[in-house]
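Subject: Structure handover

Hello,

Here is the structure I said I would pass on. Please open it first, and then read the notes below it.

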Amino acid sequence: MLFRQLEYLVALARERHFARAAQACHVSQPALSEALRKLEDELKVLLVRRGRSYQGLTPEGERIVRWAQRILADRDALRDEVDALRTGLAGRLRIGSVPTASGAVPLLTGPFCAAHPLAAVELSTDLRSDELLRQVRNFEIDAGITYLPGPGADDLRALPLYEERYVLLTGPADELARHPRATWAEAARLPLCLLHPGMQGRRVLDEVFAGLGLEAAPRVETDSVASLFAHVRTGHWASIVPYAWLHVFGVPHGMRAVPLAEPVHSAPIGLVTAAREPGSVMARALLEVARRTEVAAVLDSLPGGA
C-alpha cells in the first residue's frame, strides 16, 4: 500500500468524479483508476462503485476513506513535526471560519505569523458551520473558528474565544438610530437584509426571534457579512450583524450601530481542532497563540458607534 493510493482515494471521495480527482492529484485518469484497483486487490474489498461514471464509494470504501484521511494527516503531521524540530515551525496552517467570525480571524493569524515567521496561513472564511466541522474531522483543515459544537462532539477539541453579540445596523434617518438600544421586536419590523437561512449565523437570529414569538421576513438574503454592510449603505435596508465585524469596518459613514436588547443575546465562538494525539503541530501552535491572545478583550474594547 502506498500513500499515493490513499491520496487518490481521498481525492475521489472529495471530488466525486474520476477526472476531477485525477486533475487534483496531477495524474491521468487511467493512472488514478488503476492505482485504486490495485488498492482494492491488496485490501481484498471493493471500494468504488463503478458504472459508466462514478457512482460513489461502497460502505467499505467509506470506512477506508476515514482511515486514509487519518493516515495522511498523521504523515503530514510527522513531516511538520520533524521540520519544526530542525528549523522551527514551517509549512502551511489551514484555517476555516464561518463568515460571521471571519472578522476576528486576524487577531490570531497576526500573532501566529509573528511567532512563526517560516509558516504560512491558508484561510477559508466562507464555510458553513457543518461543513467546517466536517473538514476538521476529515483533516482537510487544521483548525476552524466557528460556533462551539454541542454535546456529543467528543472527537473535537474546542477553545472558547469570545461571545458573539449583535447590533442593529441601520441608516441615520431611521428613528431607531437615535436610540441607545433597540429591541428585537423593533428590528423585526424594519426592511431587513440578513444572512441566508442555511447559515448558522442566521439560524441563531431566527431562534431569538422565534423565542419572542416573532419571525423576521428579510427582503434580501446573502451569504456575505460584507454584503450586509453594502446593502445598509444604500439607505434602503437595515441588518443585524455581529458586533465583532465593527472591528473590521468600524461604523461606516452614513450608518448607525445600535445594540440589541430584550433580550441581550450572545453565542459562543471558539477555535475547534481535532481531538487526537499528537495531532497537527500547526493546530497545536495555533492553540498556543489563541490561549495567549485576549480575543474577547480586544473585541469588547472596540471604539463605539454602538
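How many residues does helix α8 have, and how far does α8 reach from its first C-alpha to its last? Helix α8 (residues 200-211) has twelve residues and reaches 16 Å, close to the 16 Å expected at 1.5 Å a residue. The expected span is 1.5 Å times one less than the number of residues in the helix. Helices (H or I, at least four residues) and strands (E, at least two) are DSSP runs, numbered from the N terminus.

Before the rest, a word on the source. This is a predicted model, in which local features need pLDDT of at least 70 and side-chain atom pairs count only at pLDDT 80 or more, while totals for chains, interfaces and linings use all residues. Residues are numbered from 1 along each chain as its sequence is written, and side-chain values use heavy atoms, with hydrogens and water left out.

Helix α8

The buried residues in α8 are Gly201, Arg202, Val204, Leu205, Val208 and Phe209. They are on the same side of α8, because they cover an arc of only 155 degrees around the axis; the arc is that of the directions from the helix axis to the C-beta atoms. On the other side of α8, Glu207, Ala210 and Gly211 are exposed. Buried means under 20% relative accessible area, exposed over 50%, and partly exposed in between (1.4 Å probe, protein chains only). After α8 comes Gly213, with a positive phi near 75 degrees.

Cavities

Rolling a probe the size of a water molecule over the atoms shows where empty space is left. A cavity is a set of points, on a 1 Å grid over the protein atoms alone, where a 1.4 Å probe fits but cannot get out; lining residues have an atom within 4 Å of a point. Grid points are joined across faces, edges and corners, and a volume is the space filled by probe spheres set on the points. The count comes to two cavities of 30 Å³ or more.

The largest cavity has a volume of about 60 Å³. Its lining includes Val98, Arg128, Met199 and Gly201, and divides into six nonpolar, four polar and one charged residues. Here Ala, Val, Leu, Ile, Met, Phe, Trp, Tyr, Cys and Pro count as nonpolar, Asp, Glu, Lys and Arg as charged, and the others, Gly among them, as polar.

The second largest cavity has a volume of about 50 Å³. Among the residues that line it are Glu164, Gly201, Leu205 and Pro242. β6 (156-170), α8 and β10 (239-242) each supply at least two residues of this lining.

The buried residues of α11 (residues 281-292) include Val281, Leu286 and Val289. The buried residues of α11 pack against several elements, among them α4 (59-87) and β6. Contact means heavy atoms within 4.5 Å. Gln69 is found in α4 and is buried, with a relative accessible area of 10%. Not counting residues up to four places away in sequence, Gln69 touches Val10, Asn138, Phe139 and Glu140.

Backbone details

The peptide bond from Glu262 to Pro263 is cis, with omega near 5 degrees. Arg16, a residue other than glycine, has a positive phi near 55 degrees and is exposed, with a relative accessible area of 53%. Lys44 is not a glycine, yet its phi is positive at about 60 degrees; Lys44 is exposed, with a relative accessible area of 74%.

Regards

Methods:
On a 1 Å grid over the protein atoms alone, a cavity is a set of points where a 1.4 Å probe fits but cannot get out, and a pocket is an open set with protein on both sides within 12 Å along at least five of seven lines; lining residues have an atom within 4 Å of a point.
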